Amino acid sequence: MVKKTIHEINGRIRDGSVNVVTAEEMVDIVGELGAEGAAKEVDVVTTGTFGAMCSSGVWLNFGHSEPPIRINKLWLNDVEAYSGVAAVDAYIGATQASRSKGLEYGGAHVIEDLIRGRSIDVHGTSSGTDCYPRKVIDTTINIYDLNQAIMLNPRNAYQKYNAATNSTNHTLNTYMGTLLPNHGNVTYSGAGVLSPMHNDPNYETIGTGTRIFLGGAQGYIVGEGTQHSPAAGFGTLMLKGDLKEMSSEYIRAASFEGYGTSLYVGMGIPIPVLNEDIAKATAVTDDDIVTNLLDYGIPSSKRPAIRSVTYGELRSGSIDINGKEVTTSSLSSFKKSRQIANELKDWIKGGEFFVSMPVERLPRVTACNSMKLSSVNPLVGDIMTSDVSIIRAEASFNDAAKTIMDRQFSHLPVVDKDNSLVGIVTAWDISKAVAKAEYDLVKDIMTKDVVTTSPDEAIDIAAFKLDSNSVSALPVIDAKKQVVGIITSDDISKLLARRQ
Amino acid sequence: MKIKISIESAIVTKPILAEAIIETGALLNISQAHYDTTHGEVVADIPSEQFRHIRDSLVEKGAEVVVLDTPISRDEEECVECGACVSVCPVGVFSLADDWSLEVDPDKCIQCGTCLTMCPHNALVLGQ
């Protein structure tokens, strides 16, 4: 039975005799020597990951102005930072969008600009007090002007993450990137074999106080991250580090089309090999790590899993979905993850970085619950109009015009002979047909690509569909595509008016 | 050379490609074709000396013809080599090498622009 202490390993780092390998290299070493042999041979295993970590941000302290101000509201390059912590402190979060540039520029970009030493415009306001009389501050600063710039990321380094695909017939823009229709592609994130938390899944050496690589500098684990869900294999970490020492090589702003900004964070954890159980754990491979493939076409936090999938399959370039070979894309960079594991290895070998034991281990049983909703969310079925007029595709548009006049509906769902929805026709379509005098039948003038909803869909989703597709009504259909109602933007406005 | 022919839905039922080929005798070699409710799009190779004839013939019949001579280019400073672009490209311009570097084969590019919106780091540019 091999037993080593942190003290012994740090002694070897000091005298230069330490043996450090990356988690990728460790797989073969354990394969050759077995866990016991590997534990004798190897002192430290380094890990690394470089991917989008939205839950990141930086605490800044500007120093007091003359005359002094207690900032209540603050913008950095027009991106709002939280400053409700008196007087000249603020937290800039990665996903906060710029007021003027929208989704293109956000908190993540401010953070990258700070690291690069670029100038940042500061605009702050205050109500003014006897002790802090100033009401407005406008200045330009860079990272060297700040007293502190402390990165504090509440939820980083997800142990693993669900892969994403899209079953609908239209493209989705998500924080998992562009998801093409009809399972056109799969995206995933995570470093697999190099994943920091997966190389110590029992959190023997990872916990509060563990010294790590963060953004190209030494950082620390504060403790468990928010939504830490170890039982399900989705552990997270809260991390801190000094932004002033970080490099844009390892901290990069990103922007996802239709979603907004995020921060690519590079981090790595050294795992001291104290015994053969730890050695065995660090031999984890891509094939050992299983995650779920989720359908992002379902607009709910409870997306169904289409299948389970290993990182080995995801990283092979394509996976099978219902008999179809689908190309995969990684959103995190394996090349950079490897670079981080190697850099951390060099630091330790060079005697610049010492390993540490946590002062407190991470919780291993906390659960991640859904938000408690104190009011019931209405469903489409609760407010839709069930008494909806429909029209057959083969009907003439004169008939459609008559129905619209008689029933005072401006939208008519169009059905085929089996009463399945095939289109929608509006008063506008009919005006257009009359003006052009080219067609006679409903099927020639109807919109075939209909956006629909179902009775059990939340009103908020229906409202989002109306808005994002710029339409004013959605036919409500059941599983057999039979029209059971219609919901209009008026219905939703009325509901909101009643609520307030 | 590679060209892209766009055909609006109003004329999509007319055999304009066949007509243009017969009329000009141009050896149009179709490599991609995509049609939906809004329009049709065809990517094809054409010997460069025949390009002007077939372009004029197609444009006269209502199509739009673009030469695909400015393929995607990558800003190596911005790119972090994640590979997000790999799965959205319809023609396989992007791939990851054995050392997980991103490889780009611009010759395959049909300038559809899908990768531009996918790239989280704005590292891909068209038309430069």
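Chain B is assigned domain 1 (2-67) and domain 2 (73-125), with bounds that come from an automatic or database domain assignment. The centres of domain 1 of chain B and domain 2 of chain B, taken over C-alpha atoms, are 27 Å apart. This is a predicted model, in which local features need pLDDT of at least 70, side-chain atom pairs count only at pLDDT 80 or more, and totals for chains, interfaces and linings use all residues. Residues are numbered from 1 along each chain as its sequence is written, while chains are lettered from A and ligands numbered from 1 in the order in which they are written.

**Contacts between the chains**
- Chain B places 17 residues in contact with 27 residues of chain A (C-beta atoms, placed from the backbone, within 7 Å).
- The side of chain B that touches chain A comprises 8 nonpolar, 8 polar and 1 charged residues (nonpolar: Ala, Val, Leu, Ile, Met, Phe, Trp, Tyr, Cys and Pro; charged: Asp, Glu, Lys and Arg; polar: the others, Gly among them).

**Annotated region of chain A**
- An unreviewed UniProt entry carries the annotation "domain: CBS" for residues 384-441 and 446-500 of chain A; such annotations may be inferred rather than shown by experiment.
- Residues 384-441 of chain A are 36% helix and 22% strand, with the end C-alpha atoms 28 Å apart (DSSP runs: helices H or I, at least four residues; strands E, at least two).

**Sheet in chain A**
- An open sheet of 3 strands in chain A has the order E29-E30-E31 and mixed pairing (strands pair if DSSP finds at least two bridges between them).
- Strand E29 (391-392) and strand E31 (421-426) of chain A are the edge strands, each pairing on one side only.
- Strand E30 (residues 411-415) of chain A runs antiparallel to E31(A), joined by 5 bridges.
- Val414(A) has Gly423(A) in E31(A) as its bridge partner.

Definitions and conventions:
Two residues are in contact if their C-beta atoms, placed from the backbone, lie within 7 Å.
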